[in-house]
Amino acid sequence: MNRFDCVNTISKLLIISILGLTLVACNQEPPKEGIEVTDAWIRKMPPGVSNTAAFMTITNHTGSAVTLTGVSMDDAGHVMMHETKVVDDMAKMQHLDTVVIEQSVNFEPGGKHVMIMGLDMSQGATSYNIRLHFANKPSLDVTAEVRDANQ
Ligand SMILES: [Cu+2]
């Protein structure tokens, strides 16, 4: 094999390897990016009750911590972030100004929650839009499904 043939063979092998790697890469799920919200829901309340709470899991795929600075809803009077904590055997809600999300944060019954005041659920909507506000990031709209917490 002369030098030219040898270089030529190596080039062909390289091209085949790169094609192979590309095919393998295409078959895999693309890596998740940005901020992902899953399982967002709002607790259905009986008629006449306009205060409720919403829950969700926020997962951070950005590679660095993100800070949730607030939550809003066009349909509700007032929305804030709360955390239920047991103090002296009493469950108390604390206001949260910010929530830092390193990997993921659960908003769940008995823990952190989106406190919603003044939401008229009497029209029977099956979901509501909740907007998450972040420091130094665009806000994110989330569709939260109305669920009967007793089911
Ligand atoms: Cu609350």
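**Entry 1: strand β3**

I began with Val-66, which stands opposite Ile-101 in β6. This is a predicted model, in which local features need pLDDT of at least 70 and side-chain atom pairs count only at pLDDT 80 or more, while totals for chains, interfaces and linings use all residues. I number residues from 1 along each chain as its sequence is written, and side-chain values use heavy atoms, with hydrogens and water left out.

I found strand β3 (residues 66-72) paired with strand β6 (residues 99-101) in the antiparallel sense over three bridges. Pairing requires that DSSP finds at least two bridges between two strands. Strands are DSSP runs of E with at least two residues, helices are runs of H or I with at least four, and both are numbered from the N terminus. I also found β3 paired with strand β9 (residues 127-134), antiparallel over four bridges; there Ser-72 stands opposite Arg-131.

**Entry 2: strand β2**

I next looked up strand β2 (residues 52-60), in which eight of the nine residues are buried. Buried means under 20% relative accessible area, exposed over 50%, and partly exposed in between, with a 1.4 Å probe and protein chains only.

I traced the antiparallel partners of β2. Strand β1 (residues 35-43) is joined to β2 by six bridges, with Ile-42 opposite Ala-54. Strand β7 (residues 104-107) is joined to β2 by four bridges, with Ser-104 opposite Thr-59. Three bridges pair β2 with β8, where Ala-53 stands opposite Met-115.

**Entry 3: the copper site**

Which residues coordinate the copper ion? I read His-82 (ND1), Met-93 (SD), His-113 (NE2) and Met-115 (SD), at 2.1 to 2.2 Å. Donors are N, O and S atoms within 2.8 Å of the metal (3.2 Å for Na, K and Ca); water is not among the atoms, so sites may look incomplete.

The angles subtended by the four donor atoms run from 94 to 119°, which makes the arrangement tetrahedral. Four donors count as tetrahedral if all angles lie between 85 and 135 degrees.

Along the chain, I noted the donor spacing H-x10-M-x19-H-x1-M. Met-93 lies in strand β5 (residues 90-96) and Met-115 in strand β8 (residues 112-119), so this pair ties together parts that are 22 residues apart in sequence. Met-93 counts as partly exposed because its relative accessibility is 46%, whereas Met-115, at 11%, counts as buried.

**Entry 4: Lys-92**

I then examined Lys-92, which lies in strand β5. Its relative accessible area of 44% makes Lys-92 partly exposed. Leaving aside neighbours within four places in sequence, I found Lys-92 in contact (heavy atoms within 4.5 Å) with Glu-83, Thr-84, Lys-85 and Val-87. The C-alpha atoms of Lys-92 and Gly-110 are separated by 9.9 Å.

**Entry 5: the core and the chain**

I looked up the largest nonpolar core, which has 29 residues; Ile-42, Leu-68 and Ile-130 are among those with the most contacts inside it. Strand β9 gives the most to this core, with four residues. A nonpolar core is a set of buried Ala, Val, Leu, Ile, Met, Phe, Trp, Tyr and Cys residues joined through side-chain atoms within 4.5 Å.

Of its 151 residues, 28% count as buried.

Note on methods:
Tetrahedral: all angles 85-135°; square planar, octahedral: opposite > 155°, others 65-115°.
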